[in-house]
Amino acid sequence: MPTMDQETIERFSDHMQRTGGLTAEEFEQIAHLLRSVRFTKGAVVLEPGSVCNHAFHVTHGLLRVAALDRDGNEHIVQFAPEGWYASDRSSMYFQEPSRLRIDAIEDTAAVMVGQDFVDAACAVSPKFAKSNTTLLHNHIRHMQDRIALLLGARAEERYQKFIAMYPDLTLRVPQRMIASYLGITPESLSRVRRDLAERNFRPRV
């Protein structure tokens with residue numbers, strides 16, 4: 001069982017007060033339902049086939065959520081830098097085996113958030129209940145937008161959306177991982193980046 005890391009929990013408390021509508025007193029009532037955890041770079045957080053019982057809120061570091069095809073090729077679904085959650089919502093809600101793998105790209109500190117915490121937070125704070133519903137709908141909207149991009153957008157548009165969503169990850173993530181997230185080859189990504197660089201730095205006449 002992960003040990004309690006006070007700094008990690010305090011960062012999560014600040015996050016819940018800023019974005020979740022919980023007061024410090026409300027958070028204190030239910031903080032015992034949380035656990036902090038640290039992963040070294042390369043550690044596997046969730047294996048395909050296991051049930052995802054927690055969402056992992058990253059306070060420091062970077063997690064990756066990926067699906068593996070029949071040939072073992074990796075297809076990155078999401079990155080989770082600081083302030084983001086990594087989980088398999090379907091597995092967590094329906095208690096079914098996950099089809100996803102979550103691992104640490106960097107040394108990472110996170111808070112394990114289970115459904116018991118979410119239920120307790122909704123019970124003590126109507127503001128949190130409303131915020132949690134909004135968070136869920138935003139997640140659905142993001143996934144729908146991502147599907148639409150993968151199906152119909154050109155590689156350049158996908159890359160520009162990636163930069164807008166993850167503005168600092170181009171310096172933290174290998175190009176092959178970004179290409180996997182975008183659903184293109186590393187060679188195509190190199191061309192896109194080269195074309196954008198030439199267009200942005202072309203001298204004006």
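The buried residues of helix H7 are Met177, Ile178, Ala179, Ser180, Tyr181 and Leu182; buried means under 20% relative accessible area, exposed over 50%, and partly exposed in between, with a 1.4 Å probe and protein chains only. Six of the eight residues of H7 (residues 175–182) are buried, so this helix is largely enclosed by the rest of the structure. The model is predicted: local features need pLDDT of at least 70, side-chain atom pairs count only at pLDDT 80 or more, and totals for chains, interfaces and linings use all residues. Residues are numbered from 1 along each chain as its sequence is written, and side-chain values use heavy atoms, leaving out hydrogens and water. Helices (H or I, at least four residues) and strands (E, at least two) are DSSP runs, numbered from the N terminus.

**Around helix H7**

- Arg172 sits in the loop between H6 and H7.
- Arg172 is partly exposed, with a relative accessible area of 23%.
- Setting aside residues up to four places away in sequence, Arg172 touches Gly61, Leu62, Pro81, Glu82 and Glu106; contact means heavy atoms within 4.5 Å.
- Pro81 is 91 residues from Arg172 along the chain, yet their C-alpha atoms are separated by 9.9 Å.

**Salt bridges**

- The whole structure holds nine salt bridges, each a side-chain nitrogen of Lys or Arg within 4 Å of a carboxyl oxygen of Asp or Glu.
- One of them joins Glu74 to Arg64, with the closest N and O atoms 3.0 Å apart.
- Glu74 lies in strand E5 (residues 74–80) and Arg64 in strand E4 (residues 63–68), so this pair ties together parts that are ten residues apart in sequence.
- Glu74 is partly exposed at 22% relative accessible area, while Arg64 counts as buried at 9%.
- A network of salt bridges links Arg64, Glu74, Arg101 and Asp103.
- Glu156 pairs with Arg199 in another salt bridge, where the closest N and O atoms are 2.8 Å apart.
- That pair links distant parts of the chain, with Glu156 in helix H6 (residues 155–165) and Arg199 in helix H8 (residues 186–201), 43 residues apart.
- Glu156 is partly exposed, with a relative accessible area of 24%.
- Arg199 is also partly exposed, with a value of 43%.
- Asp168 and Arg172 meet through their side chains in a salt bridge of 2.9 Å, N to O.
- Asp168 is partly exposed, at 36% relative accessible area.

**A buried charge without a partner**

- Glu26 is found in helix H2 (residues 24–30).
- Glu26 is buried yet has no salt bridge.
- Lys127 is the nearest side chain of opposite charge to Glu26, and is 7.8 Å away; Lys and Arg count as positive and Asp and Glu as negative, with His and the chain ends not counted.
- Apart from neighbours within four places in sequence, Glu26 is in contact with Gly21, Val124 and Ser125.

**Helix H1 and its surroundings**

- Helix H1 (residues 6–20) packs against helix H5 (residues 126–152) at an angle of about 80 degrees, with their axes 10 Å apart.
- That makes H1 roughly perpendicular to H5; angles under 35 degrees count as roughly parallel, over 145 as roughly antiparallel, 65 to 115 as roughly perpendicular and the rest as oblique.
- The axes are lines fitted to C-alpha atoms, for helices over the stretch in contact, and angles run from 0 to 180 degrees between N-to-C directions.
- Met16, Thr19 and Gly20 in H1 meet Lys127, Phe128 and Ser131 in H5.
- By class, this contact of H1 with H5 has two nonpolar, three polar and one charged residues.
- Thr8 also lies in H1, and is buried at 3% relative accessible area.
- Leaving out neighbours within four places in sequence, Thr8 is in contact with Ser36, Arg38, Thr59, Ala109, Ala110 and Val111.
- Arg35 is 27 residues from Thr8 in sequence, and the two are 9.4 Å apart in space, C-alpha to C-alpha.

- Gln95 has a phi near 55 degrees, a positive value in a residue other than glycine.
- Most residues other than glycine have a negative phi.
- Gln95 is placed in the loop between helix H3 (89–94) and strand E7 (100–104).
- At 46% relative accessibility, Gln95 counts as partly exposed.

Note on methods: Nonpolar A, V, L, I, M, F, W, Y, C, P; charged D, E, K, R; others polar.
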